[in-house]
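Trainee: I would like to learn how to read helix packing and sheet order in a model. Could you take me through one?

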Amino acid sequence: MIDPELAARIAEAVDRNFDAQIETTKRFSAIPSTRGAEGPAQDMMADLLRERGYTVDDWTIRMEDLAGLPDCGVIEHDFSQARTVVGTLRPAQETGRSLILQGHCDVVPAGPLDMWDTPPFSPVVKDGWMYGRGAGDMKSGTIAALYAVEAVRQAGYSLKGRLHFQSVIEEESTGVGALSTLQRGYRADCALLPEPSNRTITDVCVGVLWFRLKVRGIPAHVAYASDGSNAIKAAYRLIQGLEGLEEDWNRRAKSDPHYGAMEHPLNFNPGIIKGGDWASSVPAWCDVDCRIAILPGWDVDACRKEIADCVAATAQKDAFLANNPPEVVWSGYLSRGYVLENAEAPVALLREANAAFGGGELRSRAGTGLNDARFYSLFYGIPAFCYGPKAEQVHGFNERVEIESIRGTTKSIAAFVAGWCGAGRS
């Protein structure tokens, strides 16, 4: 049982600092930390950790160090400035269990700015919600975890176990930020990721593959279109073929114990398309960047082969592509799904912490998007799961996070930290 006095002190500390927490969240969310531009967000996080007495490890990620590690994604952009930041609190004598709290500071692009009601990187609080790109996914959760630890300390308690507070990048595209912390040697008895989950526990997650279709055609003046071969139209036919694979995979998912009841858990998305050079020329090239999900337990290499075989079979039905086959390039995630196992103790404690601060019964959530918990759970024997505030329109326009869910999440994470690591009166 969570000690009532501890719970009361934590709640009072969170409430006392909550206005400052929201302002910190707004400042963090105002940084446009899209892929390749995460440096200022990492600078801010390193400063926040140092101000609170953490020992900070701030290093540049080298992809050659990660080569051969499981589920290492493919990096294509300039990665020379990519960094990971880890802050550590280590008691003089470690008598409690260790914990990783991990958030990612990378955010997806905002899209056309005129389609937002308010500027995406000028966060505003309105009607009980904070609006802004990354406010929900997942900067509010990261700052909630930071203030949760601080609430335990300000309530007059010291942690008995080691705590690593990790700020990573690339969660939205490859996962190599989280992987870099493991390559660096960071380990703990449990990992909690405060991703937006509406105060449920995400303990099951799909895997994700990213790939690019590179289609080539024959250019011609559009007045004589039949003399050429239109790469954009051919790419569309390949997309239709992959939609057939998507439906086949979802039929297979009907027998899955975690996703069988869902209508369509495995989603294929052609997310970026580029092609052609001139409106009056038959396009000679088209590139389509795609994402597709796979079930936990499915083999990544076998799924890659199915995708390549589907593209090849579809191309065979096209008069031009049959002799000029498209190329499939793996361009990001190569990630397995996961199911949390052997985690009775941390889940029971989280259940208690959630209920203690208005969260009610802790519900399990099978995610149809990817998260970094897979690395810890699948490959390093560290039980890991997501638990965070309520967010809506994630990756969409007018992304937002509910303010009171941030408050409740912060209190519950604080109680979890104190219970898991152990906390004694300072």
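Mentor: Gladly. Let us start with a term: contact means heavy atoms within 4.5 Å. Please keep in mind that this is a predicted model.

Trainee: Which residues of α1 and α10 meet under that cut-off?

Mentor: On the α1 side they are L6, I10, A11, V14, D15, F18, Q21 and I22, and on the α10 side I403, I406, R407, T410, K411, A414, A415 and A418. Sorted by class, this contact of α1 with α10 holds 11 nonpolar, 2 polar and 3 charged residues.

Trainee: How should I describe the geometry of such a pair?

Mentor: In general, two packed helices are described by the angle between their axes and the distance between the axes. Here, α1 (residues 4–29) and α10 (residues 403–421) have axes that come within 10 Å and cross at roughly 135°. The two helices, α1 and α10, are therefore oblique to each other. Their crossing is right-handed.

Trainee: What are the angle and the distance for the axes of α6 and α7?

Mentor: For α6 (residues 231–253) and α7 (residues 300–316), the axes cross at roughly 135° and come within 9 Å. So α6 and α7 are oblique to each other, and α6 passes α7 in a right-handed crossing. From α6, the contact uses R237, L238, G241, L242, L245, W249 and R252. From α7, C303, E306, I307, C310, V311, T314 and A315 take part. By class, the residues of this α6 and α7 contact are 9 nonpolar, 2 polar and 3 charged.

Trainee: Now the strands. What is the general idea there?

Mentor: Strands of a sheet pair through backbone hydrogen bonds, either parallel or antiparallel. In this model, an open sheet of 4 strands runs in the order β11-β12-β10-β13, with antiparallel pairing. Its edge strands, β11 (268–275) and β13 (327–335), each pair on one side only. On average, neighbouring strands of the sheet are turned by 15° against each other, direction ignored.

Trainee: How many bridges join β10 and β12?

Mentor: There are 10 bridges between β10 (residues 207–216) and β12 (residues 285–294), in the antiparallel sense. Within β12, A293 is the residue that stands opposite V208.

Trainee: Which strands does α6 lie across?

Mentor: α6 lies across β10, β11 and β12, and runs at about 10° to β12.

Trainee: What does the UniProt record say about residues 207–317?

Mentor: The unreviewed UniProt entry annotates them as "domain: Peptidase M20 dimerisation". Over residues 207–317 the chain is 36% helix and 25% strand, with the end C-alpha atoms 30 Å apart.

Notes: Residues numbered from 1 in each chain as written. Predicted model: local features only at pLDDT ≥ 70, side-chain atom pairs only at ≥ 80, totals over all residues. Heavy atoms only, no water. Axes fitted to C-alpha atoms, helices over the stretch in contact; angles between N-to-C directions. Parallel < 35°, antiparallel > 145°, perpendicular 65-115°, else oblique. Left-handed = near helix turned anticlockwise from the far one by under 90°. Nonpolar A, V, L, I, M, F, W, Y, C, P; charged D, E, K, R; others polar. UniProt positions renumbered as here; feature names shortened; annotations may be inferred. Pairing = 2+ DSSP bridges.
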